[in-house]
Amino acid sequence: MSWKTGGCHCGAVRFAVLAPDAVEARECNCSICRMTGYLHLIVGQERFRLRRGADKLTTYSFNTGTAKHYFCSICGVKSFYVPRSKPDGYSVNVRCLDDGQMRVTSVSLFDGQHWEEAFAASRGAI
Ligand SMILES: [Zn+2]
């Protein structure tokens, strides 16, 4: 594992994530992920550092309010957020990593349209 860097489109928000060079990413079909095409890599707090742009983030919450959807107030890109499935960690958007930082070996589907069942079925895997 090594620290990979990424951020939003305009560069106001920059982060680092400790991750392997090749990962299995996760796609979710819930109401917000399907609209944004978000590709998840979920990590513990200790594997994530926000380097810049905390003051540029806007937070959006809905439904249970557990997930904190952070997006850049300048360019609108959601490069990471606090997911409902791991509220003590982060989900990084693999699409927002800098070029060549990480290889995605496969993408698995999380059935976020049926969140409770999908989470119960995947417990321990997230
Ligand atoms: Zn931005």
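**Notebook: pocket, sheet and zinc site**

I counted the residue types that line the largest pocket and found 12 nonpolar, 10 polar and three charged. The model I am reading is a predicted one.

I then looked up the pocket itself. The volume of the largest pocket comes to about 350 Å³. I noted that 25 residues line this pocket, and that those closest to its centre are Cys 28, Cys 30, Phe 62, Arg 84 and Trp 115. I also looked up which elements give two or more residues to the lining, and I found strand S3 (22-28), strand S4 (39-44) and helix H2 (115-121).

I recorded an open sheet of five strands, with mixed pairing and the order S8-S9-S4-S3-S10. Strand S8 (80-81) and strand S10 (103-110) are the edge strands, each pairing on one side only. For S3 and S4, I found antiparallel pairing over two bridges. I noted His 40 in S4 as the bridge partner of Arg 26.

Last, I examined the zinc ion. I listed its ligands as the SG atoms of Cys 8, Cys 10, Cys 72 and Cys 75, at 2.3 to 2.4 Å. Along the chain, I read the spacing of these donors as C-x1-C-x61-C-x2-C. I found angles of 105 to 118° among the four donor atoms, and the site is tetrahedral. For reference, I noted that the ideal angle for four tetrahedral donors is 109.5 degrees.

Conventions
Residues are numbered from 1 along each chain as its sequence is written. This is a predicted model: local features need pLDDT of at least 70, side-chain atom pairs count only at pLDDT 80 or more; totals for chains, interfaces and linings use all residues. Side-chain values use heavy atoms; hydrogens and water are left out. Donors are N, O and S atoms within 2.8 Å of the metal (3.2 Å for Na, K and Ca); water is not among the atoms, so sites may look incomplete. Four donors count as tetrahedral if all angles lie between 85 and 135 degrees; four count as square planar and six as octahedral if opposite donors are over 155 degrees apart and all others between 65 and 115; anything else is irregular. On a 1 Å grid over the protein atoms alone, a cavity is a set of points where a 1.4 Å probe fits but cannot get out, and a pocket is an open set with protein on both sides within 12 Å along at least five of seven lines; lining residues have an atom within 4 Å of a point. Grid points are joined across faces, edges and corners, and a volume is the space filled by probe spheres set on the points. Helices (H or I, at least four residues) and strands (E, at least two) are DSSP runs, numbered from the N terminus. Ala, Val, Leu, Ile, Met, Phe, Trp, Tyr, Cys and Pro count as nonpolar, Asp, Glu, Lys and Arg as charged, and the others, Gly among them, as polar. Two strands pair if DSSP finds at least two bridges between them.
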